[in-house]
Amino acid sequence: PGGRTAQSVWQHQLHRTHVVVTSYDQLREHHDTMVLQAQLLITDEAHRLRNLSSGVSKAIRALNPRYFWMLTGTPVERDNLDMASLLSILAPAQFTKKSAALHNSVLRANARPFIKRRSKNDVLTQLPPLTQVIERIPLSPEQASAYLGTGKMLSTNHLKRFAQLRQICDIDPVSGKSTKLDRIFDILSEIKGLNEKAVVFSYWKIPSEELYRRLMEV
């Protein structure tokens, strides 16, 4: 009953609209109701279709639209199989999955008429000037102690120890002390006071979780 109800809703709504905005999951389940109507298809995050055996990829191919645009920010040109798979959906008369056997330069040359790229130079004039501020923040006593202790540890896995040292510079995993997070919290407080927004990137999960906890307490 649930599936039949959803199917009937799709069939009813498709006859009442010219544009349908939906998810890949919904399209996979109900693509058969819009085969006749899907004359123009625009797929965002199109790299999700590169697995030709997936249900979503099969649903897209079943629509057979007259006009088809794929949008993706993933550099699929680096992998011949991914690129050939997407091209076989976009232009099945010219490409198949076996096109991946071509040399990368040949495949990219054949694909050039079907690809429109937006380079950095295309949007550079629309971007505000970059402002970069570098701050040197000393470690807290707890961080400094953990850093020295880890540095003295005997280990043949130098990459692992280097990663541990980097993590301690962000936050001491034992005490939770972090002068970096203290400073970020102050900056975010100033930004909030100006009613502006900010994005904070972190290589590690623990500092992000601790910063989130602090912000939720405000």
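In helix H4 of this predicted model, the buried residues are Asn-80, Asp-82, Met-83, Ala-84, Ser-85, Leu-86, Leu-87, Ser-88 and Ile-89. H4 spans residues 80-90 and is mostly covered, with 9 of its 11 residues buried. Those buried residues pack against helix H3 (55-63), strand E2 (67-70) and helix H5 (104-111). At the start of H4, the backbone nitrogen of Leu-81 has a side-chain oxygen of Asp-79 within 2.9 Å.

Ser-53 lies in the loop between strand E1 (40-43) and H3. Is Ser-53 buried or exposed? Ser-53 counts as exposed because its relative accessibility is 53%, and the cut-off for exposed is over 50%. Its side chain makes a polar contact with the side chain of Asn-51, at 2.7 Å.

The table lists pairs that include a residue from these two regions.

| Pair | What is given | Distance |
|---|---|---|
| Asp-79 and Leu-81 | side-chain oxygen to backbone nitrogen | within 2.9 Å |
| Ser-53 and Asn-51 | polar contact, side chain to side chain | 2.7 Å |
| Ser-53 and Asp-186 | C-alpha to C-alpha, 133 residues apart in sequence | 50 Å |

Another part of the model is a helix pair. The axes of H7 (residues 141-152) and H8 (residues 158-170) come within 9 Å and cross at roughly 175°. H7 is therefore roughly antiparallel to H8, since angles over 145 degrees count as such. On the H7 side, the contact involves Gln-143, Ala-146, Tyr-147, Thr-150, Gly-151 and Lys-152. These meet Arg-161, Gln-164, Leu-165, Ile-168, Cys-169 and Asp-170 in H8. By class, this contact of H7 with H8 has 5 nonpolar, 4 polar and 3 charged residues.

Terms used
Residues are numbered from 1 along each chain as its sequence is written. This is a predicted model: local features need pLDDT of at least 70, side-chain atom pairs count only at pLDDT 80 or more; totals for chains, interfaces and linings use all residues. Side-chain values use heavy atoms; hydrogens and water are left out. Axes are lines fitted to C-alpha atoms, for helices over the stretch in contact, and angles run from 0 to 180 degrees between N-to-C directions. Helices (H or I, at least four residues) and strands (E, at least two) are DSSP runs, numbered from the N terminus. Angles under 35 degrees count as roughly parallel, over 145 as roughly antiparallel, 65 to 115 as roughly perpendicular and the rest as oblique. Contact means heavy atoms within 4.5 Å. Ala, Val, Leu, Ile, Met, Phe, Trp, Tyr, Cys and Pro count as nonpolar, Asp, Glu, Lys and Arg as charged, and the others, Gly among them, as polar. Buried means under 20% relative accessible area, exposed over 50%, partly exposed in between (1.4 Å probe, protein chains only). A polar contact is a pair of N or O atoms within 3.5 Å; within protein, one must be able to donate a hydrogen and the other to accept it, and residues adjacent in sequence count only if both atoms are side-chain atoms.
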